[in-house]
Amino acid sequence: MNHSNRWITERRLPKFLAPYVFALYMAIVMSFLMSLVITFTEFGYDSNYLRNVMSAYRVAMPAAFICILIVRPLVARLVALSVSSDV
């Protein structure tokens with residue numbers, strides 16, 4: 001293993017944090033994309049577009065993170081009920 005790969009492996013978070021890391025990454029990506037779309041839909045594209053997006057994102061990202069943490073167990077159960085366990 002080369003030096004850079006070893007550094008990445010040594011810096012990883014413990015496995016028990018995976019649901020929280022998933023929620024964080026999902027919140028970051030989805031809230032930004034939704035802020036882009038909703039801001040464009042509501043106000044259109046003008047010279048203040050990115051400023052408006054970031055203003056919406058400041059509210060959306062923490063809200064999305066909390067919502068994902070709360071809703072994730074329910075969604076996991078719904079997926080388990082909806083998807084066959086047969087291989």
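Q: In what order do the elements of the protein run from the N terminus on?
A: They run α-α-α. Keep in mind that this is a predicted model.

Q: How many helices and strands does that make?
A: Three helices and zero strands.

Q: What share of the residues is buried?
A: Of the 87 residues in the protein, 13% are buried.

Q: Let's go to α2. Where does helix α2 sit in the chain?
A: Helix α2 covers residues 18-43.

Q: What span should α2 have, and what does the model give?
A: The 26 residues of α2 should span 38 Å at 1.5 Å a residue. The end C-alpha atoms of α2 are 37 Å apart, which agrees.

Q: What follows α2?
A: Gly 44 does. The phi of Gly 44 is positive, near 75°.

Q: Which residues of α2 are buried?
A: Ala 23, Ala 27, Ser 31, Ser 35 and Thr 39.

Q: What covers them?
A: The cover for the buried residues of α2 includes α3.

Q: Take Ser 31. Why does Ser 31 count as buried?
A: Because its relative accessibility is 4%, and the cut-off for buried is under 20%.

Q: What does Ser 31 touch, leaving out residues up to four places away?
A: Met 26, Tyr 57, Ala 60, Met 61 and Ala 64.

Q: Where does a kink lie in α3?
A: At Val 71, shortly before the proline Pro 73. The kink is about 45°.

Q: Which residues are buried in α3?
A: Tyr 49, Val 53, Tyr 57, Met 61, Ala 64 and Ile 68. What covers the buried residues of α3 includes α2.

Q: Which residues make up the largest nonpolar core?
A: The core has six residues: Ala 23, Ala 27, Tyr 57, Met 61, Ala 64 and Ile 68. The elements giving two or more residues to this core are α2 and α3. The largest share, four residues, comes from α3.

Q: What tends to happen to nonpolar side chains in general?
A: In soluble globular proteins, nonpolar side chains tend to be buried together.

Q: Back to Tyr 57. Is Tyr 57 buried or exposed?
A: Tyr 57 counts as buried, at 15% relative accessibility.

Q: Which residues is Tyr 57 in contact with, leaving aside neighbours within four places?
A: Ile 28, Ser 31, Phe 32, Ser 35 and Pro 62.

Q: Switching to rings. How many aromatic pairs does the structure hold?
A: Three. One of them joins Phe 32 and Tyr 57. Their ring centres are 5.7 Å apart and the planes sit at 85°, so the pair is edge-to-face.

Q: Which parts does the pair of Phe 32 and Tyr 57 tie together?
A: Phe 32 lies in helix α2 and Tyr 57 in helix α3, so the pair ties together parts that are 25 residues apart in sequence. Phe 32 counts as partly exposed, at 31% relative accessibility.

Q: What about Phe 40 and Tyr 49: how are they arranged?
A: They form an edge-to-face aromatic pair, 6.4 Å centre to centre with 85° between the planes. Phe 40 is partly exposed at 47% relative accessibility. Tyr 49 is buried, with a relative accessible area of 9%.

Q: Which residues form an aromatic cluster?
A: Phe 40, Tyr 45 and Tyr 49 form one cluster.

Q: And Ala 63: where does Ala 63 lie?
A: In helix α3. Ala 63 counts as partly exposed, at 37% relative accessibility.

Q: What separates the C-alpha atoms of Ala 63 and Ala 27?
A: They are 8.3 Å apart, although the two residues are 36 residues apart along the chain.

Q: Last one. What share of the contacts with a separation of 6 or more comes from residues 24 or more positions apart?
A: In this protein, 59%.

Key: Residues are numbered from 1 along each chain as its sequence is written. This is a predicted model: local features need pLDDT of at least 70, side-chain atom pairs count only at pLDDT 80 or more; totals for chains, interfaces and linings use all residues. Side-chain values use heavy atoms; hydrogens and water are left out. Buried means under 20% relative accessible area, exposed over 50%, partly exposed in between (1.4 Å probe, protein chains only). Contact means heavy atoms within 4.5 Å. A nonpolar core is a set of buried Ala, Val, Leu, Ile, Met, Phe, Trp, Tyr and Cys residues joined through side-chain atoms within 4.5 Å. The expected span of a helix is 1.5 Å times one less than its number of residues. Rings of Phe, Tyr and Trp (its six-membered ring) pair if their centres lie within 6.5 Å; planes under 30 degrees apart count as stacked, over 60 as edge-to-face and the rest as tilted. The bend at a residue is the angle between axes fitted to the seven residues ending there and the seven starting there.
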